[in-house]
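Look at the model first, then read the points below.

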Amino acid sequence: MLGWRRKKKEDASAVAVEARLRQKYANFRTLLSLNNECLELMAGVQEDLRHVAPMREVFSGRVTSVFENAGGIIESLEKLTGVSQRPLARALEEQRREVERYLAEQQEQAPRRLAAWLSEVDLSTSGEMGGKAAALGEIKNRLGLPVPDGYVLTTEAYRQFCGLPLWNQIKTALRHADLDDLEGLQTISSQLMAMVTAFPLPHAVEVAVSERARTLARSGMGLAVRSSAVGEGGALTFAGQFLSLINVLPDQAIAAYKKVVAGRFGERALSYRLSTGVAESASPMAVLFLPVINAAASGILYTRDPEHPKSGALWLTSTRGLGLDIAGGQVPADLFVISHKRPRAVLEQRIVRKEQEIVLEPGGGVRRQPVDAREAEAPSLEPSHLQTLADWGIRLEQHFGAPQDIEWALDSSGVLWILQARPLALVEATRTPARPRETPAVTGGATVYPGRVSGAAYLAEDREALRKTPFGAIVIVRRASPDIIGVLPRIAGLVAEHGNMTGHASTLLREFKIPSVFQMENVFAQVQSGDSLSLDAVQPSIFRGALWPPAPVRADSEESPQEKSDPLSRRLLTLHLLDTRTFRFRPGGCQSVHDVIRYCHEKGVEAMFAMQDREMEHGPHRSKKLLASVPVNLFVLDLGGGLALENPDADEITPAEIVSRPFQALWKGIAHPGVSWTRKMSASFADLASVIAGSLTSQSGVVRALGERSYLLVAKEYLNLNSRLAYHFSLVDACLSDNPSNNYLAFRFAGGGATRQRRNLRACFLEVCLGHYGFVVDRRGDLVNAWFKRAPAKDTETNLDVLGRLMACSCQLDMYMSGREAMQWYVEQFLKGNYSFQGAEGGEEVEQTSSAS
């Protein structure tokens, strides 16, 4: 009788444990589901903020859903843990009030003006007038220097024209933009420019353009219609990336405005923004209208020698007529090097023969005409003009507190005008490898940006050839132009037979810090594509062979982006709780909704793992250690229907006893006969192992102690794999059922034992492979998040299999990521099914085997 009662009591206890387990699992699944919904909504908000201003009609619905789901997450955590989370709820409510107030304020702002005269503009209006117009207004109205009268169509006009009506189409088009696919980028550019050009201009904007154009027309002059994007002419120069139209007739002002705005989506401008990470919403386009100057001479003034900024010299380039070819680097120009010190002595001058000049056409536009023979060899400026421009340049440098790049013009009546001023990109002092003793193959020219680098030569005769520039090449061109922007992120160096040292191309090369030389003669006759070369851009010369290291791969920036101060970013999107081990990881440290859901997710996972200690330390429900060849200390917890045990009392189980549908699909890939979780490493890695291991503690929240448990939670149609190998972290959360709307696969991967650059490249490998199989991928540095949702069971099962293979193949792969070409090779091999990567694996001699990383 006592035995029967004891048995009944034990059975009742088991039933109670089972009920509690299932209820906790249900709450956990609710928490995970709401967490995924929040992250998806926030990712959409974050992406859209790169394309459109924070307007209530665009964001209010999604923001409300995020807060409601976050409240549900807190409630689920309370049910899961049995602990009140009132501090989290209060924090969430405070965040909601602040964000909703901010969105309401954005909606209720006073109407912004569509246009302004230049006399109303200064630097304080740069967000409204754009960088170029704001700087000119500052010079005109604060310094009193000669700037033509004109007007600006503001960024509000741009927003009403295409920034608001077309932002979603622009976002969709740019989602597929790839800097490495220049032909695809050209197609996207053409589509966007055509779309903007065809889109009707709002009547109010049309009136703002035409009325002011008619007012300026009374002077009898045509118009210069120029871009003035926010940020243009600042730390990011946008040099030569936008469109300017010269000598536009007043009745053509509306068409010119649309053309300049459409030029914001030109191929060069898109390449520049993608290369520099500038968000679409951060660079709206204002447009500047000025009376065109009938120039007798014009050019560019640098208030410092860009290569030797401490030399105390100004550079001034000048030519006859309009200076359009100087900025574009298409013709040589007179060069005057002038002392900063009074009396502004000319230290050096180089006078070139000026065969042609660009002049205004009476009916609009410009034309070229021969320069009078008596003036072709003569300096294009008088000494008095040099003195005046040097004085102005120094005043502008002092006023703006930085060296300046200034465009100027001398009109036919002898009056000097300032047409643009922006910060000058200077060469930073760097240590370069020693110059070799070998005899150079080619010498001469002028340094644009110093450095010494090796790579394969690539001769680009024209723009089409330039598009096909391979990674890591030393590019050789006939003439440098702003078209080079499309290849700057991928090249090691650049040499041009012709190029203007004060043109747009030189500005871009300095900004991107590309070792480069202009005016090196006869390079095309001395070099062939594919030749192994070493470029010395310090003492301009080219050597045969690889004398210096190749240029480092320009992987994505390692630094965290600067946190934005607006409440939508700060209180909704920004994640402050980066490290679960710090004191800040608590309810009081939750400054944003992202913090709240991160905290709840981590605590929810902890609660599920902790159930074995509180409720299932004994009996058939305790966690089991997985017996497998995979080098993970993995413990399995059954949430209901995930295991079919031969011996329920055993402490260890095999993969075959895990009957969870998503696990079996994932394990099929992990156990694929062609993959291995270990990889042979070069002997040199062993010497670095202790250094690498010592650096692991700096990887925020990614690495835990070696050998610490990893957990697998399974149910019949669910798995959650939380795996921490020695140097990287991966998380798989998946549901696989016969109902496609319930199916999803979420994957997260971060960390590694190699350098940040190599970890980033491994993340690139994962991103490309996952994208190939239809995952939506978000990669930031070495962190990869990927999703595959609402697919039929067969497709979800297939991608779980693929993911298992990919997780196995990616172990230690960061150690082999020597560059982007190596990364692309591994991608190709994985997609071909070569999971062991047999072949030309970086050419490394295999000497030693290392454990998984």
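The largest cavity holds about 150 Å³ of space. The model is predicted: local features need pLDDT of at least 70, side-chain atom pairs count only at pLDDT 80 or more, and totals for chains, interfaces and linings use all residues. Residues are numbered from 1 along each chain as its sequence is written, and side-chain values use heavy atoms, without hydrogens and water.

Largest cavity
- A cavity is a set of points, on a 1 Å grid over the protein atoms alone, where a 1.4 Å probe fits but cannot get out; lining residues have an atom within 4 Å of a point.
- Volume is the space filled by probe spheres set on the points, which are joined across faces, edges and corners.
- Four cavities reach 30 Å³ or more.
- The largest has 14 lining residues, with H51, Y158, G163, E280 and S281 nearest its centre.
- Helix 5 (155–163) gives the largest share of this lining, four residues.
- The lining splits into eight nonpolar, three polar and three charged residues (nonpolar: Ala, Val, Leu, Ile, Met, Phe, Trp, Tyr, Cys, Pro; charged: Asp, Glu, Lys, Arg; polar: the others, Gly among them).

Second largest cavity
- Its volume is about 90 Å³.
- Its lining includes E267, R268, R463, R467 and D483.
- Five lining residues are charged, four nonpolar and two polar.

Helix 13
- Helices are DSSP runs (H or I, at least four residues), numbered from the N terminus.
- The 18 residues of helix 13 (383–400) should span 26 Å at 1.5 Å a residue, and the end C-alpha atoms agree, at 26 Å apart; the expected span is 1.5 Å times one less than the number of residues.
- Its buried residues (under 20% relative accessible area, 1.4 Å probe, protein chains only) include W392 and E397.
- G401 follows helix 13, with a positive phi near 70°.

Notes
Helices (H or I, at least four residues) and strands (E, at least two) are DSSP runs, numbered from the N terminus. Buried means under 20% relative accessible area, exposed over 50%, partly exposed in between (1.4 Å probe, protein chains only). On a 1 Å grid over the protein atoms alone, a cavity is a set of points where a 1.4 Å probe fits but cannot get out, and a pocket is an open set with protein on both sides within 12 Å along at least five of seven lines; lining residues have an atom within 4 Å of a point.
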